[in-house]
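Subject: Structure handover and notes

Hello,

Please find the structure below, followed by my notes on it. Read them with the model open.

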Amino acid sequence: MTEKKYVIAIDQGTTSSRAIVFNHSGEIVSLGQKEHEQIFPKAGWVEHDPIEIRDNIREVIGQALSKADINRHEIASVGITNQRETAVVWDKNTGEPVYNAIVWQDTRTDAIVRELAGDEGPDKYKEICGLPLATYFSGPKIKWILDNVEGAREKAEAGDLLFGNTDCWVLWNLTGGPNGGVHVTDVTNASRTMLMDVRKLTWDESICNEMGIPMSMLPEIRSSSEVYGHGAKNSLLIDTPISGILGDQQAATFGQACFQKGMAKNTYGTGCFMLINTGHKAVTSENGLLTTVCYKIGDQEPVYALEGSIAVTGSLVQWLRDNLGIISTAPEIEELAETVEDNGGVYFVPAFSGLFAPYWKDDARGAIVGLTRFNNKGHLARAVLEATAFQTAEVLEAMNADSSADLTELRVDGGMTANNTLMQFQADLLGVDVVVPEVAETTALGAAYAAGIAVGFWNGEDDVIANWKEGKRFTPKMPKSERDRQMRLWKKAVTRTFDWVDEDAEKIDY
């Protein structure tokens, strides 16, 4: 019998899908990656083609196996991590989506959210699901599809439609699709729908009824680490156990070995997502943070987290590149930012999809403030980078207030951690060390660990802790007086974005 030497993680992200092969030491052996189209039908609308994602997943699995020169017989298990909140609704009989996936950044459901909130306001369901009513989450997206796609509601009520975030869509297709596909999600993804009771870990029928979502559409909720099913007969992973699912930010927290209460990580990707482990207690935030499930290993008690979600960080660099053409590649921004000593008084608040944590204002829109004739593109580049650090600092302030325990260091991961200018400024603003791990692919690694633990490839969290290694550390250098001044000016800039969308603004077809 061939020795099982590796675990594959499938990372279905916002801009691309990847398959990464890891060895027992948590090191990357090979990687396959393919981008998918970003579809923008209207201002504020963001969609993906689920069929393109499904096909890309198959392709990147082939790439990863081929590059490593291995086959399924050497794979112990498969883990899945994914962009959360992005909603797919499909026909269980044909495997065809009834509409494109509505992405987490999409704001089309703002009227639905306001209608659901009514006189009770955005915290209407917060005690049950841990989340405010916002366009970010999956529930209102499902309602929009059922309300607006011809025939969808009738099919859903007849029991023919299924819903899932992209983890669920990937798993269903990997395990056979219409021919016996497993319709399952894990507690971390379910906790992002606004439909799950975050303490009971079950779908809340009253919320589903209010949103008009038939319970038959919803996947079974399982732990983050157990065998859900096996690769389909016609796949490259035939009979391989698929045994780990974690939403991308929870996966990164797991991969960063943040297993102790009070440990935190921040992922710098399309957006920024900071999670702090709150132990076995689901803490309700008083400061604009989300209560979420961090992970659940098999039959063990669930571990919870408080999360600060920021919509636009890395995607702001892409905007500077693709929409303005000021840079031609994303890494150039650091070089351009270093042509100036500071931001020259310029602050860029990227509220392209409204403001997420800690404000939760769907009616905010982006603003660049503080401009004078003195400013140049270097100042704009620096303001773009600093926007990520400022938003993260505001989330950390909220976390410190909610958790009543000040953070001593922040573990970070994601593509933007390669930017030393940003990481140093982040440490300066936070006043704590910022630590980059040796293996930066912590999201995929977390999903791999969850899958490997389920089949005995790794012996629980202790192996994850043993594998984690510090790569680089950034120590604060900025005086407190300057940190306070910068934060005061940033918060002043943020207020300029409030209440931009009104009835007149909504009439404009951009």
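How many of the 510 residues of the chain count as buried, as a percentage? The value is 62%, where buried means under 20% relative accessible area, exposed means over 50% and partly exposed lies in between (1.4 Å probe, protein chains only).

Two notes on the basis of the values. This is a predicted model, in which local features need pLDDT of at least 70 and side-chain atom pairs count only at pLDDT 80 or more, while totals for chains, interfaces and linings use all residues. Residues are numbered from 1 along each chain as its sequence is written, and side-chain values use heavy atoms, with hydrogens and water left out.

Overall picture

The chain has 17 helices and 23 strands; these are DSSP runs numbered from the N terminus, with helices being H or I of at least four residues and strands being E of at least two. Its radius of gyration is 22 Å, close to the 24 Å that the globule rule gives for 510 residues, so the chain is as compact as a globular protein of that length. That radius is taken over C-alpha atoms, and the globule rule is 2.2 Å times the number of residues to the power 0.38. The C-alpha trace spans about 65 × 50 × 45 Å along its principal axes.

Among contacts with a separation of 6 or more, 72% join residues 24 or more positions apart; contact means heavy atoms within 4.5 Å. The accessible surface comes to about 19,600 Å², and carbon and sulfur atoms hold 47% of that (Shrake-Rupley method, 1.4 Å probe; for residues, only the protein chains shown count as cover).

On charge, there are 47 positive and 73 negative side chains, and the centres of the two sets are 2 Å apart. Lys and Arg count as positive and Asp and Glu as negative, with His and the chain ends not counted. Each charge is placed at NZ of Lys, CZ of Arg, CG of Asp or CD of Glu.

Cores

In soluble globular proteins, nonpolar side chains tend to be buried together. A nonpolar core here is a set of buried Ala, Val, Leu, Ile, Met, Phe, Trp, Tyr and Cys residues joined through side-chain atoms within 4.5 Å. The largest one holds 107 residues, of which Tyr 136, Leu 195 and Met 217 touch the most other members. Helix α12 gives the most to this core, with 13 residues. A second, separate core has 29 residues, including Ala 251, Ala 305, Phe 457 and Trp 468.

Setting aside residues up to four places away in sequence, Met 217 touches Val 89, Ile 142, Leu 146, Ala 156, Leu 161, Leu 162, Phe 163 and His 183.

Buried sites

Helix α12 covers residues 377-403 and contains Thr 388. Thr 388 counts as buried because its relative accessibility is 1%. Beyond its neighbours within four places in sequence, Thr 388 is in contact with Tyr 268, Cys 272, Thr 313, Met 416, Leu 422 and Gln 426.

Helix α6 (residues 166-174) is mostly covered, with nine of its nine residues buried. Among them are Trp 169, Trp 172, Asp 167 and Asn 173. Just after α6, Gly 176 has a positive phi of about 130°.

Val 184, in strand β9 (residues 184-186), is buried at 2% relative accessible area. Its contacts more than four places away in sequence include Asp 167, Cys 168 and Leu 171, which are among the buried residues of α6. Val 184 also touches Pro 219, Glu 220, Arg 222, Tyr 228 and Ile 245. Val 184 and Asn 148 are 36 residues apart in sequence and 26 Å apart in space, C-alpha to C-alpha.

Loops to check

- Gln 260 sits in the loop between α9 (248-255) and β15 (264-268) and is exposed at 51% relative accessibility. Its C-alpha is 6.6 Å from that of Asn 277, 17 residues apart along the chain.
- The Ala 357 to Pro 358 peptide bond is cis, with omega near -5°. Pro 358 is in the loop between β19 (347-349) and β20 (367-369).
- Asp 239, in the loop between β13 (225-230) and β14 (241-247), has a positive phi near 65° and is partly exposed at 40%.
- Asp 499, in the loop between α16 (480-495) and α17 (503-507), has a positive phi of about 55° without being a glycine. Asp 499 is exposed, with a relative accessible area of 52%.

Regards
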